[in-house]
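Biologist: Please put the model and its sequence on display. I will then ask about one point at a time.

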Amino acid sequence: MIIKISNLSEGEHYLNQVGKVEELRLTEPFKGNYDVSVKVAKTHHQIVLDTSISVVAHFECDRCAEEFDHQIAVKYQMVYLFGEDKEIRENDDANFAYLSIETDKIDITKDIHDFCLISIPLKKLCKEDCKGLCFKCGVNLNVGECSCTKEEVDARWQPLLDLKSKLNN
Ligand SMILES: [Zn+2]
Ligand SMILES: [Zn+2]
């Protein structure tokens with residue numbers, strides 16, 4: 001996504017772009033369309049971009065192995081200062097960049113791509129309270145109960161029980 005800044009007046013501007021995830025060079029687990037909204041705030045010395053990204057990713061649940069689509073919403077801010085890259089800001093903040101006076105556009109495609117990637121959750125759950133699979137018979141407990149439900153242990157406690165039996169050994 002390209003933000004043209006050459007003839008941009010000072011003040012706030014709102015941009016929106018919709019397209020296919022492939023245009024952002026995003027592959028699996030991302031799919032379908034992305035939707036990006038950008039607030040561009042321009043002053044004499046700087047341009048601040050507040051970017052909101054909405055994209056869908058296809059995951060397999062860590063607990064029950066069901067496949068599901070997950071809506072990812074990312075927001076980030078990037079500050080572009082006019083001038084040369086000076087030592088003052090070096091390593092200060094990753095969300096700062098410098099623009100030379102001649103710069104006429106900002107390409108935020110790579111930023112969008114990178115923020116989508118870091119927004120993939122570490123734990124992928126089809127729903128917050130996914131019951132997972134019965135650890136004995138493998139039945140998906142979101143769908144129904146199995147005959148071993150009497151001794152069934154809440155999947156969320158299983159790591160603790162494992163730890164407890166380890167400590168006892
Ligand atoms: Zn699940
Ligand atoms: Zn069972």
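Biologist: How many residues lie between E3 and E4 in the hairpin that they form?

Modeller: This is a predicted model, in which local features need pLDDT of at least 70, side-chain atom pairs count only at pLDDT 80 or more, and totals for chains, interfaces and linings use all residues. Residues are numbered from 1 along each chain as its sequence is written, while chains are lettered from A and ligands numbered from 1 in the order in which they are written. Strands here are DSSP runs of E with at least two residues, numbered from the N terminus, and E4 covers residues 46-60. The number of residues between E3 and E4 in their hairpin is three.

Biologist: Over how many bridges do E3 and E4 pair?

Modeller: Two strands pair if DSSP finds at least two bridges between them. Within this pairing, Lys-42 stands opposite Ile-47, and Lys-39 stands opposite Asp-50. E3 and E4 run in the antiparallel sense, and their bridges number eleven.

Biologist: Which residue in E3 is the bridge partner of Asn-16?

Modeller: E2 (residues 11-20) is joined to E3 (residues 30-42) by ten bridges, and the two strands run antiparallel. For Asn-16, the partner in E3 is Ser-37.

Biologist: What is the strand order of the open sheet of five strands?

Modeller: E4 and E5 also pair in the antiparallel sense, over 15 bridges, with His-58 partnered by Asp-69 in E5. The pairing in the sheet as a whole is mixed. The order of its five strands is E2-E3-E4-E5-E6.

Biologist: Which strands stand at the edges, and why is one side of each left without a neighbour in the sheet?

Modeller: One side of each edge strand has no neighbour in the sheet because each has a single partner strand. Neighbouring strands of this sheet are turned by 25° against each other on average, direction ignored; the axes are lines fitted to C-alpha atoms, and angles run from 0 to 180 degrees between N-to-C directions. The strands at the edges are E2 and E6 (96-99).

Biologist: Which peptide bond is cis, with omega near 10°?

Modeller: Most residues other than glycine have a negative phi, and most peptide bonds are trans. The cis bond ends at Pro-29, which is found in the loop between E2 and E3. Its omega is near 10°, and the bond runs from Glu-28 to Pro-29.

Biologist: Is Arg-25 buried or exposed?

Modeller: Arg-25 sits in the loop between E2 and E3 and has a positive phi near 60°. A residue is buried if 20 or more other C-beta atoms, placed from the backbone, lie within 10 Å of its own, exposed if 12 or fewer, and partly exposed in between. Because Arg-25 has 11 C-beta neighbours inside 10 Å, it counts as exposed.

Biologist: What phi does Ala-65 take in the hairpin of E4 and E5?

Modeller: Ala-65 is in the loop between E4 and E5, and that hairpin has six residues between the strands. With 12 C-beta neighbours inside 10 Å, Ala-65 counts as exposed. The phi of Ala-65 is positive, near 70°.

Biologist: What pattern does the chain follow along the sequence?

Modeller: The chain has two helices and seven strands, helices being DSSP runs of H or I with at least four residues. Buried residues make up 14% of its 169 residues. Read along the sequence, the pattern is β-β-β-β-β-β-β-α-α.
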